[in-house]
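Please find below a note on two interfaces, one inside a chain and one between chains. The points are numbered for reference.

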Amino acid sequence: MWPLIRGTLSGIVGYMVGALIATLTTTSTFSGEFALVLGFVFGLLGWLFGIGMWNAWGREWVGLTPKTEKAEGWRRYLRFNTDHKVIGAQYLVTMLIVFLLAGLVAMAMRAELASPGQNLFTADVYNKVMSMHGILMIAVAVAGILGAFGNYLVPLMIGADDMAFPRINALGYWMVPPVAIALLAAPLVGSFDAGWTAYPPLSVLNGDGQVLFNVAVIAFGLSSILGGLNIVATVITMRAPGMTWSKLPIFVWAAFAASILSLTVTQFFAASLIMILLDRIAGTTWFGAPGGGTALLYEHVFWFYSHPAVYIMVLPGMGVILEIISHFSRKPLFAYKAVVVSFLSIAGIGSVVWAHHMFTSGMAQNLEGPFMALTEAVSIPTGVIFLAAVGTLWRGKLWFQTPLLLAFFWIFQFLIGGITGVFLADFVTDLSLHDTYFVVAHFHYTIVGGSIFALMAGTFYWFPKVTGRMYNEKLGKIFATWFFVFFQLTFIPLFWVGLNGMNRRVATYQDNLGGVNRFASMMAMIMGLSFVLFVVNLLWSAKFGPVAPANPWNARTLEWQVSSPPPEHNFPSPPSVDGGPYDYGVVGAPTHLREVADPVG
Amino acid sequence: MTAVTPATGPGTYNDRVRLGWITAALLAVLTLIEYAVAINVENPLILLLPFVLAKGALIMDFFMHIRKLKTGGDH
Amino acid sequence: MTTSAEPIQHGAGPSRQRRINQLGLWLFFASETFLFGAFISSRFITSQTSTPEDLNQALALALTIVLLLSSISAYLAETANAHDDHRGFRIYTVATITLGALFLGGVALEWKEALEYFPPGTIYGTAFFSLVGLHAFHVLTGLIALAVILFLGKEGRFGSKDSWPVEGVIKYWHFVDLAWVIIYPTLYLF
Ligand code: HEM
Ligand SMILES: [Cu+2]
């Protein structure tokens, strides 16, 4: 616990120092906007150095030898630990907690929306609640799979002993708690009510909480950039002998493509939020019309990140699902090469479609056609992913465990999400669909369906590897089905109310939509309850579940060829790779792992 | 001593120093011409782009050793 | 970037670690390019290529030359270090830090004038202060990094046997210069 306490203390001191500097050098008050910014920056640095960056790293910069603080058992997780498996587990737990929290916030929103008028919240408070839900969930979708499974599995799957930059990896994770705290603390200084998209002019004019939102999200972006950098460098340089590009497990490819995106475009989110801070604090006029600026600029810069961000969320999900489908249908992955090309082209084309979020913004009209066409072009590689999933399942020997069940649900949901996206990408229909619940339903189908369901599937699939114990299969299946059924019952009605003109991000709506909304709210609550099962299953099984063998799924990929949980440096001796990762049932195919120095089983 | 070329590139110390100064001189000349063009021409955008590209290429190649990315810097 | 199909062999030699570090640094540059790119393209979107009459062109040219000089001295420091010329390394690193500090001083001077003629509340001033500020912040971090390697290398600790820390910092310094190569015409010349 000591590192946490040390980090907290030095974080508080850092905050005080930063805020004090701001107070002394400018006209800002101690709780003013500039003090919040400097306080956060110094507080973040204080926290990072306190938690262990100083000992593990900083000492080197002043000529001292770095100290590593060893710890055993659960204490490993509460300190600056550079083991990628520890970091992956830290991400998984953190993101699941944030997810459950943001889910509770969503329940509060559905309670308000259960009837047309204003009941639980004032309109203003509703917007703050909605913004909190949005940004927390976006964070989970961006860093859930990539942070947890990307860190845990990429080195294992490519036969490496760790990431390319283990300390940067730990740094990236430990930036997350202060981000969460700053977002959750924003209500103390007026909250933020401009949605997760933080459009100006509102985000330039609203309460001080917006400043905390901005600095926190910039820091989160930095963490996600560092994570992406690490995965890209790891995949390029750390593969075991024989692990050629064409033998990479498909999840590694997906994480690689998503990481290229988070490495690069995330800077645009940072830039757009920095511009807001400059407008608020330094008196610039990027978005202020009186000075000659334009709020339209924000939308361009913001969506240049935030559209590709949806692929940062969903590409790793695709990787997890294809991984599971191949292992559980005991068949080689269908069209491996085409899938790889599709991942890369989704990342590529996906970077030039951002303005489909801006059809009603007043941007140049001659851009609408091209952006519509490019957006719809992304459907082609996306379709290839579906074909690969279905082609692998086709005539497979399906082994219906919870992960495969969730993979089936994933296919259904992501299909609905993708198809409804086409209506939104068509600027003619989008004119009436934009900013309605149709959009809300669309992106819940894509993000919950495409990213969160994959996060759940991956959690079950790799649970034995991470914890060394089996989860309860029956509870897992009940949870999966429960979540799936009530997810449909919640969100299909929302397409309908959207088509009927219900606007998103408003606490009230037309009287005649009350019944359907009440239904959706009830279903949402029941869906939320399903997570009790999820949590109970995982917590109970981690402690009391039957001990898992090294390879309970009889899978070929490298992570299953070492003990559960894997030893400290992953492989007893440096591994090398022979056959492909998915050659199930291929006569005469060599094993994926060429030599096991110390076979486990 | 084994014949390992230092990470900055092949050639003797003096060769390397000379190469640096030549690069810097080229950059200076390019900058001055760039400036002169900009001051004397209306809307010089298109004319200036080659200067930016040339300067960028010089810096990346001779100062930042981008080619070393392929070989790793030694051997 | 490696293009060969066969991955790098296992075994943690210094040369392997150096390749990894080098790649990581270039990836970081790629990322930073997007940050600068966002601001540079925003400058063109909001104020196209317009520049105010009162821009101090002489000062800007002088700043550009100072940064260029710091680049060559950084290059010389790196080269000296790679050839185990420890004295040269120290001298040129000090020179680089001095020139960098001079650059920041020049920016401060420029800002004092700019606050009068085109404050942040004007559309050009918005781009000007944001971009120059962003760049100056990078110069500042570069100066800190240079100070660290100067301090650590005072007893000839680096040299050809452990040259990566020096190379890494100097590459970063050149990257900051490279950013200026684009920012300079963007704000003053186009
Ligand atoms: C074939 C695929 C897709 C198409 C054609 C598509 C198209 C669109 C369009 C045009 C919009 C803007 C609607 C509007 O605001 O009027 C939109 C919104 C959105 N989409 Fe998609 N989409 C697709 C897939 C995805 C995926 C895979 C994700 C995430 C994993 C996603 C997440 C979102 C989000 C978050 C929004 C709402 C952003 C906001 O305004 O807050 N979409 N989509
Ligand atoms: Cu989009």
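1. A polar contact is a pair of N or O atoms within 3.5 Å; within protein, one must be able to donate a hydrogen and the other to accept it, and residues adjacent in sequence count only if both atoms are side-chain atoms. By this rule, 8 residue pairs (both at pLDDT 80 or more) are in polar contact across the interface of domain 1 and domain 2 of chain A.

2. The model is predicted: local features need pLDDT of at least 70, side-chain atom pairs count only at pLDDT 80 or more, and totals for chains, interfaces and linings use all residues. Side-chain values use heavy atoms, without hydrogens and water, residues are numbered from 1 along each chain as written, and chains are lettered from A and ligands numbered from 1 in written order.

3. The domain assignment (automatic or from a database) divides chain A into domain 1 (1–80) and domain 2 (81–561). The two domains bury about 2000 Å² between them, counted as accessible area (1.4 Å probe) lost on being put together, summed over both parts. In domain 1, A:Glu33, A:Phe40 and A:Phe80 lose the most area to domain 2, together 32% of what that side buries.

4. The domain interface holds 2 salt bridges (a side-chain nitrogen of Lys or Arg within 4 Å of a carboxyl oxygen of Asp or Glu). A:Arg167 and A:Glu60 form a salt bridge at 3.2 Å, N to O.

5. Between chain A and chain C, about 3300 Å² is buried, 72% of it on carbon and sulfur atoms. The count of salt bridges there is 0, while 5 residue pairs (both at pLDDT 80 or more) are in polar contact.
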